[in-house]
Amino acid sequence: MSLLDPTKEQLEQILSMPDDGPLAFINMLKFSSNGGAESFRQYAEKFMELMAPKGVKSLFQVDAVMTLVGEEQWDEVAIVHYPCISTWRDMVQSEEYQQISDLRADAVLDARLVIVRQSGEESAQ
């Protein structure tokens, strides 16, 4: 089953999340076979040009070797830090992001996106 975008319910949930600190988005990506990896590189470069001034950082971007648990096979895993959820919300609603989002859509055949937050005392630092 291929997934590229959040469901309506997931979108409603993320749009209503409190703006209470940094988050990371774990991206598991499967690229299309017709130049998807290169298209995604172009998207990632433009994405960082747009978002780095807003405090967004690429923490980790690596080739996936294999899936040990589960059926899906991924080409790449990336972790992206956002200073707060409103940074993400503002991004997806911006005209600038809409201009580059087609690069991602053309590049990615399947994806999973997990939002994580550091817990405990370490998150207060």
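How are helix 1 and helix 3 oriented to each other: oblique or roughly parallel? Keep that in mind as we set up the view.

This is a predicted model, in which local features need pLDDT of at least 70, side-chain atom pairs count only at pLDDT 80 or more, and totals for chains, interfaces and linings use all residues. Residues are numbered from 1 along each chain as its sequence is written, and side-chain values use heavy atoms, with hydrogens and water left out.

**Stop 1: two helices**

Select residues 8-15 (helix 1) and 85-92 (helix 3): their axes come within 10 Å and cross at roughly 125 degrees. Axes here are lines fitted to C-alpha atoms, for helices over the stretch in contact, with angles running from 0 to 180 degrees between N-to-C directions. Helices (H or I, at least four residues) and strands (E, at least two) are DSSP runs numbered from the N terminus. The two helices are therefore oblique to each other; angles under 35 degrees count as roughly parallel, over 145 as roughly antiparallel, 65 to 115 as roughly perpendicular and the rest as oblique.

Now show side chains for Leu11, Ile14 and Leu15 of helix 1 and for Ile85, Trp88 and Arg89 of helix 3, which make the contact (heavy atoms within 4.5 Å).

**Stop 2**

Four of them form an open, antiparallel sheet in the order 2-3-1-4, where pairing takes at least two DSSP bridges between two strands. Strand 2 (57-63) and strand 4 are the edges, each pairing on one side only.

Walk across the sheet pair by pair:

- Strands 2 and 3 share six bridges; look for Val62 opposite Val77 in strand 3.
- Strands 1 and 3 share seven bridges; here Leu29 stands opposite Glu76 of strand 3.
- Strands 1 and 4 share eight bridges; find Met28 with its bridge partner Arg112 in strand 4.

**Stop 2: the core**

Finally, select Phe40, Phe47 and Tyr82, the residues with the most contacts inside the largest nonpolar core, which has 22 residues. Such a core is a set of buried Ala, Val, Leu, Ile, Met, Phe, Trp, Tyr and Cys residues joined through side-chain atoms within 4.5 Å; buried means under 20% relative accessible area (1.4 Å probe, protein chains only). Helix 2 gives the largest share of this core, six residues.

Terms used
Buried means under 20% relative accessible area, exposed over 50%, partly exposed in between (1.4 Å probe, protein chains only).
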